[in-house]
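Thanks, everyone. I'll take you through a few local details, one at a time. Have a look at the screen first.

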Amino acid sequence: MLMLMLAAVATMVRAELCRTRTVRTGKVFESNVQVEGDPLFYAFPNTLVVKNLCRTDIAIYLGKKVFLTINNFESSILPLTVPQSMAVGVPSITSAHFLPGSQILFVISGKIYSYNFDENAWRKVEGVTESVSHISGDTCCFEGSFCLELSNYLFAYLLGGQIPGTNIYFSDNGGFSFQLLNSNQLSHLNGTLGGIFHFHSMSQVGILMVKDDLGTFHYTEYPLNHSMGISFSYKNPLEVIMKPQQRGFLILWNKTSILVSSNSGQIVERVQLIKEKTIGSLDVESANISIHSVAWNTYELAFFAAADHLYYGSQSYMGTYVIKLIGDTLWSEDMSIYFENTGMLVVFTPVFDPHFAAFDFQKCTVNVQDTLMDEELHLMPCNVELLESTMENKMFTIDMNSKLKLSALIIPRMDENPTPLVMVSNPHALGFKADLREFGNTFDGNSKYKLDIELQQQHHWDNSEDNFTASIKLQAISSVTVDIADKTLSCVDLKPLSTLISVGCDMTKKIVVQNKISACAMGILNPVQLQKNYTYNIEWEAYNPVSHSGEAKDDLIVFYQYKDLGCPRLVYYDKPWIPVVELWKNGVFEEIMEAEYVISEVNGLITYSYSLTAATANCRSQPQNWSTFESDTEYVQDTENKQPSLWNRQNYVSCHEDNQDNPLLWPNVEYQVLGGQTNNRVIFGQRNGIYTFHLAVVDPYYSYCNLNTIFSVYVYGALPVAKFRPLVCILLIVTTTLLTVWLAYAIPKQLRTERGQQLSGFCSLIFLGICTCAWLRGKLRRWLRSRRVKDQPNKLRNTVRKPNSQK
């Protein structure tokens, strides 16, 4: 008899899905607190709990009343209201979206409002001029500015709006303001709008178009812009839920339909229902099920159908499988469901209190793992004991020409042989190679397996067609997920392993110009003096001003920035030279960089040139140079000076490729690009002194980062520039020498001839005439006497005084 009673109790416990408890806090004495403002309500007859994906304790309940919680509804809460001063009209909410931090965006009566729940402050968002109904965004919760940037991209649109015709708004600042989307981007589409979304997991913008009761996802970026998703039945408007952590999982649902996608809408299908060891598609409408509320997290899905049907399932790349749970009747019009944690589903209902303005909550927490163990569900036990990795919930970066290695540990259930599954959400940008090997045994003799994964940009695997891979010049994002292909539904606590990969700039990379021989080491400069506000002059004829157009008129005094530049590198002026550039990552030397780069003297020095021309560099089109960008100027903030735009990897065009729009017309022009496939060098002019260069990598295929650095060199060995040209001086000396030798030979020879005697006599007569001329002799005597008087003033004074002294 006792055994029968225990069996009956056990059966009752198994049938009881969860135990209900009431959350009621701070209600000892009656309160006169009244709700101020206009109470908000959900515009649709169903209920929904929207969670803050990055702060899981924060959520908002949408129903006949709206409640915002910061502690998972573990306290009584006042209904959320909007101040009457906002003049929202009918306070009907059609969409809500959490932003990073403490901001929530609401669509209320066709307008967008921002609510800061930390400061209890409302604000109307600028830029939206026409009615909208929904906001979409893909929130990223990983640390770093890159992830925050993803969360800032939002769309606002009117569900069911006609395309073309309806206005679509976008925001790139986290919803602070919106702008009108250029309609030309959607001009090729025709139908009604089912939604527009940022699918960061595929680096795409997806547009759900509806026409003739069929829904189809279209994409805007290469290579998916040349194709579209598979069409699916779309009879009534569907709410689209983007599941968290950028995996590409979608849920599309309404009262009579629930559809899922595991690849950002490329394939949309029904969920698979497990019933008595059989699996079939769940047709909600045919099954006469009315969906009232939906709950989701990264990999789990649950929905509650009136009057008492609770379905639970898991969503993966292999499909979405659900099962109807056995339990008590929990139905009410205000009830809703949400996942408090993995495998912990909460069914709760707001409870009105006639004596207090704050509502209480009836909560019923379902332990899904225990519930699925019920024998009546006929589920197979989980076939995996352990699946773990250090990559879980982390974000990695793969730069161009880089690789990433990850691993996972798998321990199957005894006598089981599960199949591991590695999936990437964006195979157009990211490729991988996986290797599974046995990795020892556990204490009970069970085998352990290690899964090694090598990730690389898809373009570099060379195993895909060119029209399949994404553009190598553009950055991309992809998630990597490790799961078990044949994992059973009962593996609730065994979550798939997943991480986010950014195929883009690795912020830990930097470049350094090698400095093995410096001017300080050779004793030319003193490092102590360089650190004490050291200055040097640049001659006015040696530089062009960088802050304004025109030529220099005065010498330039430059302060040497020792903290940034260190000791200058030592370079001989007459020797072609090229900087040796090192690539460093996380403070560790990686390689000597061989990519193409350009340099510019930051103070405007022009006394250097390049060893190659466009012709000798084997250019097939006209090469770019710094003068190419002189017309492209931008104003620097808070200054009135114009500076040339930077020559970088975004605007660089190689001359070694054929370009019909820019043929090679001037082959003798200087080739100003260093590195790469040429042997171009820098040649310094005949000037000793310090040069400070800015170096920028322009090779678009080396790194997604805009790699740049500054460095200095000291040029020595140049002799002073001569005042006369050496060739002219040598020519004059040789000519004078030859003329002197010729005269020394020719004059004596000519004097022996008759003509020479006549010339000699003529010269003698002239000389004698000058000597015998009385007038000339008098003039000469007086001039010589005046010179002697001026030169001897003392003798002149003594001569004058002698007669007076005798008297």
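Start with a side-chain pair: S75 and N71 are joined by a polar contact of 3.2 Å. Keep in mind that this is a predicted model. Where does S75 sit? In the loop between β6 (66–69) and β7 (81–82). Is S75 buried or exposed? Its relative accessibility is 19%, and the cut-off for buried is under 20%, so S75 counts as buried. Now the contacts of S75, leaving aside neighbours within four places in sequence. They are V23, T25 and F361.

Next, A408. This residue is part of strand β36, residues 403–412. A408 is buried too, at 4% relative accessibility. Which residues does A408 touch, beyond its neighbours within four places in sequence? The list is E388, S389, Y449, K450, L451, V482 and L497. Take E388 from that list. It is 20 residues away from A408 along the chain, yet their C-alpha atoms are separated by 5.8 Å.

Last, a sheet. Three strands make an open sheet, in the order β42-β46-β47. The pairing is antiparallel. Which strands stand at the edges? β42 (509–513) and β47 (588–592). Each has a single partner strand, so one side of each is left without a neighbour in the sheet. On average, neighbouring strands here are turned by 35° against each other, direction ignored.

Now look at β42 and β46, where β46 covers residues 581–585. Five bridges join these two strands. In one of them, V513 has V581 of β46 as its bridge partner.

That's my tour. Over to you.

Definitions and conventions:
Residues are numbered from 1 along each chain as its sequence is written. This is a predicted model: local features need pLDDT of at least 70, side-chain atom pairs count only at pLDDT 80 or more; totals for chains, interfaces and linings use all residues. Side-chain values use heavy atoms; hydrogens and water are left out. Two strands pair if DSSP finds at least two bridges between them. Helices (H or I, at least four residues) and strands (E, at least two) are DSSP runs, numbered from the N terminus. Axes are lines fitted to C-alpha atoms, for helices over the stretch in contact, and angles run from 0 to 180 degrees between N-to-C directions. Buried means under 20% relative accessible area, exposed over 50%, partly exposed in between (1.4 Å probe, protein chains only). Contact means heavy atoms within 4.5 Å. A polar contact is a pair of N or O atoms within 3.5 Å; within protein, one must be able to donate a hydrogen and the other to accept it, and residues adjacent in sequence count only if both atoms are side-chain atoms.
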